[in-house]
Amino acid sequence: MKSRILSLILMVSCSLSAMAQPSTDSMYTKALEKKVKFYESDDLKHWTWTSDFGPWGDSEKSWERPDLFHVPVDGDWNNRKWVLLVSVNWAQEQYFIGDFDGKTFKLMDGHPTAPLYVDKGLDYYASRTFRDYDGTQREVLSLGWVATWDYAQQVPSTYGKGFWSVPRRLELKSYPEGLRMTQQPIENLQTLRGKEYRVSGTMAVGTQPLRTFKPRENVYELDVTFDTRQSNTMGLNLCVGSGRKLVISYDTDSHNLVIDRTHTAASEIERFSRMAHSTVEPQGHQLRLHIYVDKSGVEIFANDGRDVFTMQTYPSDAQTGIETFALRKGTQMQLKAWELKSIWH
């Protein structure tokens, strides 16, 4: 039985046998052509080219680090699609939904020409998927590199440049506009939770400190839901302190979600002061944000993981405050919060 390996012809293709590995010039050519090159092999030593895919979607600069995996549609493992994922422009990832016959990847009918981005934040790249092939675990799990090449070398860390995201469970779900990939934090992360804190009620106008939950450090989880039927601009300030904060703001009229880290980092990092934003449609007149905060970054899963935003932050240890804010009165909010234990013993 033939073993087939997916590989984009770029420097990351080092897993190919030297007996059949294409030249370095060929690797760079395919990256700049925005193409994924498929090979097959009987012995994992001698390789035969079968097809190319691309360019499609975001084809501005470069493609690299491809991944190909089977994902259930609406939770049904008897109905699956292939997802082809590539890192683009040294800053983002996009994905394609289709079919793979072992030689050729073909887009599903009606696939959008506009890019489908994996993460709409500023710092999610080069993710890898994992599967348990012994039959006990069918989920497709993913980890991504939380960093962007624009400033990866300048961030104030000593252990490395960037870090891994929380593990995410990948699925495809049906929406009026078609299939889209969703990402959810794996349930095992709940074992790290401490005491649960709850806040519920009508948001006050202006900025208010969150008094019920005061984490000792930026290692915590929030699950907050805003009712969007009242016209408003509201949200959360995280990592508040020393005159700095991370702003998460939502406009109920435009459905625009903005994450502003312009004044968040305690260190001067070249090209770091940026904002991310995207249209996030409410579901059933509600916007749910499931948020993981750590000492160096934040991951925001909106509406059950349909829209995800991953951002590095690098606040000081004193920036542990949390605030709510609303431009107008009347918005209902429900919030749950947990401090998280370290995975390190």
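The protein chain folds into one helix and 24 strands (helices, H or I, are DSSP runs of at least four residues and strands, E, of at least two, numbered from the N terminus). Its radius of gyration is 21 Å, close to the 20 Å from the globule rule for 345 residues, so the chain is as compact as a globular protein of that length. Here the radius is taken over C-alpha atoms, and the rule is 2.2 Å times the number of residues to the power 0.38.

Keep in mind that this is a predicted model, where local features need pLDDT of at least 70, side-chain atom pairs count only at pLDDT 80 or more, and totals for chains, interfaces and linings use all residues. Residues are numbered from 1 along each chain as its sequence is written, and side-chain values use heavy atoms, with hydrogens and water left out.

pLDDT is the predictor's confidence in each residue, from 0 to 100. The chain's mean is 90, and 90% of its residues reach 70 or more. Residues 1-22 are another story: pLDDT stays under 50 there. Where pLDDT is low, the predicted coordinates should not be read in detail.

Buried residues make up 51% of the 345 in the chain. Buried means under 20% relative accessible area, exposed over 50%, and partly exposed in between (1.4 Å probe, protein chains only). As for contacts (heavy atoms within 4.5 Å), take those between residues at least 6 apart in sequence: 60% of them join residues at least 24 apart.

**Some loop residues**

Most residues other than glycine have a negative phi, and most peptide bonds are trans.

What kind of peptide bond joins Gly54 and Pro55? It's a cis one, with omega about -5°. Pro55 sits in the loop between strand E3 (48-53) and strand E4 (63-73).

Further along, Gln283 lies in the loop between strand E19 (275-279) and strand E20 (286-293). At 32% relative accessibility, Gln283 counts as partly exposed. Which residues does Gln283 contact, leaving aside its neighbours within four places in sequence? They are Tyr175, Asn303 and Asp304.
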